[in-house]
Structure formats: structure tokens, C-alpha cells
Amino acid sequence: MSIAKPFLLLVIVLLVSCNSNKKQVPVSETQKFDVKTVLDLNALKVKEVATSISTKDSFPRNVKKGAKDWDFVDVKDWCSGFWPGVLWYSYEHSGDKILKDEAEKFTLPIKSIAYTKADNHDIGFMVYCSYGNGYRITGNEEYKKILLAAADTLATLYNPKVGSILSWPSQMHKFKHNTIIDNMMNLELLFWAAKNGGDKELYTIAKSHAEVTMKNIVRKDSAVYHVGSFDEVTGDFLAGYTHQGYAKESMWARGQTWGIYGFSIAYRETGEKAFLDTAIKLSDHYINRLPEDKIPYWDFDDPKIPNAPKDASAAAVAACGMLELSKLVKDEKLKEKYTNAAYSYIEELSTETYLSGNTNQALVLHSTGHFPKNSEIDVPIIYADYYYMEALMRIKKEEELLSLSKK
């Protein structure tokens, strides 16, 4: 795919503005970079990529080292919903009908997930990021039906004896009834469905899952296990493990951010203060351990740091989680703390170090997927782009509200 001249001009404008001022200030103050310019750049690039893809039932996942173009996965891959989500955010920002058309085309194949037997917890990622954003933006009633069906499908993995959703049925031979920290992100689909015409029991399932995760997977050191193992008959917690982190007691960066964001959502939906306290605890521990540039290494305890790969995707998720958290805390100093933290991550991701520019088809560089399996290390990954776009849209909306309040 060739990079158009207008795109290159936007890259130049962006890089100049991004690097002009490094001082950390709240979002409400003078901007260090122009969020609209970044979003304009991203929407233009996303449109160019989307219209160059001939088939709409395969989805970008990563870009290999040295390559320019996305590698694709099918609809059953857990990452299938992120690309449609990126398209929806791009359309929401730009209002470009071509982007809306592309978002609709890439969203449509994911319908099958809502009506297929659940074989993992990722239904939330797949359906809520695609159909959820589509419904939020367009109000399409067909999208709502599919979301409600997807929530019911996800709920079939709930084990009432444990009180949590089985994350990986295929891994029961290894972890028994397993619940992973990532699963906190998929509760939003259940909470949403319970409020929008679905079975009210979905709320109970989501709340119970969050409670079990908080009690067993959140550790006393304010980090999280990646995987919690439970006896599927008695419900007893057996042990905590890692799957994608350095060690079971280490702090896997993206897992920590799933927890930050997931518990913030759980508090927003339930009002249970323990969830808020957990989100604060996980956030503070994350902030306190960050390196100078605010982008975490893939695992905070990798002994090879600083010669270890970064994970930009974790920074993007953390930004979204802390922007959510900043709206939920009542203390003004905490609001400012989490807003500033989130903003600093997005600012850094918008510099020439992390923003792809014309390097390849992705938006964000330097993510790490599954380091122990030597998979997706220091490459662009689609969920980094998704949460980066989400954070940018959150910041844009906050700026618009601030501007209106000053009129």
C-alpha cells in the first residue's frame, strides 16, 4: 500500500507538535499535541488501509518485523473485533461515510460469534468492540439483537460453583476451571445486556465474576496473576499462574492494565466500593513502577530490563482504564492524577518513537503479545491501535465538554 502525500504531511505536522513540549499537564490545560490532528491522521490512514482490503471476512492482527502490511486472521480469532472497532472510532471522529461503510462490512461477519457455542471468554472483545461501538454510534437495532445474543452465549461459560466465567475451556486439562485477568474486560458486555433488555441474571454473573477475580487473582502486592485455577466442583481457589507473563508472581504489564480497566468498569456498573479500591490499587502500583518514558516493558519483572521489549498495547489499555477511573473517583487530586497519567501515555504513543507514520499499515509500534511463546514481540498488534483510538476519542470528547463549559 502506498502512503499518500497528504498523509505524509500530516505525519510531519504531528511529529513537530508532539515533540514541542514534554511537560506533563492535565488534559484541561494547554495541549502538548493536537488531538484532532492525531485523529485526522489516524482516520485517513485507517480509511486507506480498509479500502485496500478486498475481503471483509478477514481481520488485521499484526505486522511482522520488517513488513509493511497487516497479517490477517479469521472471524474466530480473539482479535477479530478490534479492527471493526478501529473503523467505528475513525468514522465517529471523521464522519466519513466511506469509513462507516467499511466498519459495517467488517462488523457483519462477527455476527456468527454471537450464535456459535462459546469456546472462550473473548466474545466480549470480539462482539462488543465491533457491534458495541456500531450500536453506540448508529443505534442500529439489529446490532442490539446481536449484542444481546452474544451476552447470552458468553454467560454459558459461567460456573455458579466457582462464581466465575470459564476463560479457556481448552485449557481445563492444565488449569482446571480457569479464570484469567483479561476476562474482566468482557464483563462490560454482560453489564450492558442486563441494562438493555437482556436477562437480569447477566448482571449477577458479571458482578460475581469480578468479586471472585478480586478475591483470588488480585495479589497482596497489588499486582495480578494472569490465570486463576479453581476446582470446578467445590469452587475452591487452587493456585495462581502466568501464561503470558515472565513468572507467576511477576507483573505482566498488559494483565495489570486489563485489571485497571476491568475493575473501573465493574465499579461504574455496580457501585461496589471494593471494585473502585481495587482499580485504584492496581493503577497506583502500575504508575509507581513505570519506566521514565511511561511505556511499560512487557513484564515489569523481566530481569533483562532495560534490554527487554516494550508493550505499547498495555500503555493504551492503561490510558483508557485511567481515563475511566478519573471519572469515577471523587477526590479532585485523584482525578487529576489519573487524567495526567493517561494523557502522558497517549502523548508518548503519539511521538515518532511509537507512532507508525509511514512505517507500516498499523497506527502504533512496539507491542508484545506472547513473549514466552516468542509470538508477536515488538511488533504492531491490532488491539494497541484499538485502545489508542479509544483513548484519543475519550480525550477529544473531554476537550469538547471543557470548551463548551467555558462558553
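Helices and strands are DSSP runs, with at least four residues (H or I) for a helix and at least two (E) for a strand, numbered from the N terminus. The legends below describe a predicted model.

**View 1. The largest pocket and the helices that line it.** The volume of the largest pocket is about 940 Å³. Its lining comprises 36 residues, of which Leu323, Glu324, Lys327, Glu390 and Arg394 lie closest to the pocket centre. Two or more lining residues come from each of α3 (82-94), α6 (123-138), α9 (187-195), α11 (253-270), α13, α14 (332-349) and α15 (382-405). The greatest contribution to this lining is that of α15, which supplies nine residues.

**View 2. The largest nonpolar core.** This core contains 130 residues. Phe82, Trp83, Val127, Leu349, Tyr387 and Tyr388 have the most contacts inside it. Helix α13 (residues 312-328) provides the largest share of the core, namely 12 residues.

**View 3. The surroundings of Leu349.** Leu349 is among the residues with the most contacts inside the largest nonpolar core. When neighbours within four places in sequence are left aside, the contacts of Leu349 are Ile295, Ala312, Ala315, Ala316, Tyr354, Leu355, Val364 and Tyr388. One of these partners, Tyr388, is likewise listed among the core residues with the most contacts.

**View 4. The open three-stranded sheet.** The strands are arranged in the order β5-β6-β7, and their pairing is antiparallel. At the edges stand β5 (177-180) and β7 (237-241), each of which pairs on one side only. From one strand to the next, the twist averages 25°. Strand β6 (residues 227-230) runs antiparallel to β5 and is joined to β5 by four bridges. Within this pair, Val227 of β6 stands opposite Ile180.

**View 5. Thr107 in helix α4.** Thr107 belongs to helix α4 (residues 97-107). Thr107 counts as buried because its relative accessibility is 0%, whereas the cut-off for buried residues is under 20%. Leaving aside neighbours within four places in sequence, the residues in contact with Thr107 are Pro84, Trp88, Ser130 and Tyr131.

**View 6. Thr213 in helix α10.** Helix α10 (residues 201-216) includes Thr213. With a relative accessible area of 0%, Thr213 is buried. Residues up to four places away in sequence not being counted, Thr213 touches Thr179, Ile181, Met184, Val218 and Phe263. Among these partners is Thr179, whose position falls in the edge strand β5 (177-180).

Key:
Residues numbered from 1 in each chain as written. Predicted model: local features only at pLDDT ≥ 70, side-chain atom pairs only at ≥ 80, totals over all residues. Heavy atoms only, no water. Core = buried A, V, L, I, M, F, W, Y, C linked by side-chain atoms within 4.5 Å. Buried < 20%, exposed > 50% of the residue type's maximum accessible area, 1.4 Å probe, protein only. Contact = heavy atoms within 4.5 Å. Pairing = 2+ DSSP bridges. Axes fitted to C-alpha atoms, helices over the stretch in contact; angles between N-to-C directions. 1 Å grid on protein atoms, 1.4 Å probe; cavity = no way out; pocket = protein on both sides within 12 Å on 5 of 7 lines; lining within 4 Å. Points joined across faces, edges and corners; volume = space filled by probe spheres on them.
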